[in-house]
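Colleague: I'd like to learn how to read a fold from its coordinates. Could you walk me through one?

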Amino acid sequence: MDSEKLIEMYRQMLLIRRFEEKAAEMYMMGKIGGFCHLYIGQEAVAVGAIAAIRKDDYVIASYREHGHALAVGTEPRRIMAELFGKATGISRGKGGSMHIFDAERNFLGGHAIVGGHIPLATGVGFAINYEGKDQVVLCFFGDGAVNTGVFHESLNLASLWKLPVIYICENNFYGMGTAVTRAMAGPEMYLKAKAYDIPGELVDGMNVLEVWEKVGKAVERARHEKIPTFLEVRTYRFRGHSMSDPALYRTKEEVNEQRKRDPIVTFKQKLIAEGILSEEKFEEMEKEIKAIVDEAVEFAEKSPEPPEEWLYEDVYA
Ligand SMILES: Cc1ncc(C[n+]2csc(CCOP(=O)(O)OP(=O)(O)O)c2C)c(N)n1
Ligand SMILES: [Mg+2]
């Protein structure tokens, strides 16, 4: 991979981190309502995976999706405005944190029901084949979603119908306060791919290059051979499940141990060691990103509330 692309991956991870730190601050100030699930610690998964696809491919994710939206290129100010519930938000202020959509960039949400979007991704894969196209779908979900029925139904059909979908489980070892080992029989979940006769692989989600490489191989298989893949990407969220979770179900030692694997810090060390970026360049990037995030907040603050009439639009009954 050329230096420019490596630097861009770092920049995206840093943007996600700083954007969400600011979102947390705004949440604490009462500027953001509803639920808000941060992606801090997991940035390498969305960034590495999305770096492996084309602009016209599809991405669909759970409610922990600010990072995926930023990685596909959705403007930070439109995401921040959505968190603020403003009319200029990417979902017109009617979706909030869990429902970021960007049709222009084939980003299909933002879904609050655990596992609910896995069959949607499967359907998009079907549509791609039906129309004779060669796009692929990246479907991101948590470890908790692997226990839902629709996960298994989807892998079954994707395998039988040869759908170009890459199912990406972001295993952060907890579903809310419940450890995977307490909730899942057979927690080596990548092995479950075998039951559906599709490739399954374990990926280090703290290593952005490994994510890029392994998702890249799955994308090639999906695009050219119509073979779906299930990847278990092991990662960790450094914050609680949502902004209202004090995360008392895990020890400080555990979190501190995981923080040593911070994907942004370790990638920065790598880029410095290989002489790709200097400390000064990193400083510059920090400043540039701070300006983007500050501007996003200013834009959100100044934007109008959605008008009342919008309550009756986009409603299906
Ligand atoms: C069908 C359904 N059941 C329960 C919930 C409540 N809920 C929200 S998030 C969550 C945990 C999901 O954990 P995981 O899939 O590991 O994703 P993570 O939050 O770790 O990213 C639960 C149970 C829900 N949103 N949908
Ligand atoms: Mg989880």
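Predicted model: local features only at pLDDT ≥ 70, side-chain atom pairs only at ≥ 80, totals over all residues.

Colleague: Now a strand. Which residues of β3 are buried on one side and which on the other?

Modeller: In a regular strand the side chains alternate between the two faces of the sheet. For β3, one side has Val165, Tyr167, Cys169 and Asn171, the other has Ile166, Ile168 and Glu170, and all of them are buried. With seven of its seven residues (165-171) buried, β3 is largely enclosed by the rest of the structure.

Colleague: Which strands pair with β3, and how do they run?

Modeller: Strand β2 (residues 137-142) is joined to β3 by six bridges, and the two run parallel. Val137 stands opposite Val165 there. Strand β7 (residues 229-234) is also joined to β3 by six bridges, again in parallel, and Asn171 has Arg234 as its bridge partner in β7.

Colleague: What do β2, helix α6 and β3 make together?

Modeller: A right-handed β-α-β unit, with α6 covering residues 149-161. Leu155 is a handy residue to look at, as it lies in α6. It counts as buried because 26 other C-beta atoms lie within 10 Å, and the cut-off for buried is 20 or more.

Colleague: What does Leu155 touch, beyond residues up to four places away in sequence?

Modeller: Tyr167, Tyr196, Ile198 and Phe230.

Colleague: How should I think about the core?

Modeller: In soluble globular proteins, nonpolar side chains tend to be buried together. Here the largest nonpolar core has 85 residues, and those with the most contacts inside it include Met13, Ile50, Val137 and Ile168. Helix α1 (residues 3-28) gives the largest share of this core, 10 residues. Take Ile50: leaving aside neighbours within four places in sequence, Ile50 is in contact with Val59, His68, Ala71, Val72 and Leu138.

Colleague: Is Asp197 buried or exposed?

Modeller: Exposed, with 11 C-beta neighbours inside 10 Å. Asp197 is in the loop between α7 (180-183) and β6 (200-204), and its phi is near 60°, a positive value in a residue other than glycine. Asp314, in the segment after α11, also has a phi near 60° and counts as exposed, with 10 C-beta neighbours inside 10 Å.

Colleague: Zooming out, how many helices and strands does the protein have?

Modeller: There are 11 helices and seven strands. The radius of gyration is 19 Å, close to the 20 Å that the globule rule gives for 317 residues, so the protein is as compact as a globular protein of that length. Of those 317 residues, 46% count as buried.

Conventions: Residues numbered from 1 in each chain as written. Chains lettered and ligands numbered in written order. Core = buried A, V, L, I, M, F, W, Y, C linked by C-beta atoms within 7 Å. Buried ≥ 20, exposed ≤ 12 C-beta atoms within 10 Å, placed from the backbone. Helix = DSSP H or I, 4+ residues; strand = E, 2+ residues; numbered from the N terminus. Contact = placed C-beta atoms within 7 Å. Pairing = 2+ DSSP bridges. Right-handed = clockwise from strand over helix to strand, strands pointing away. Rg over C-alpha atoms; globule rule 2.2 N^0.38 Å.
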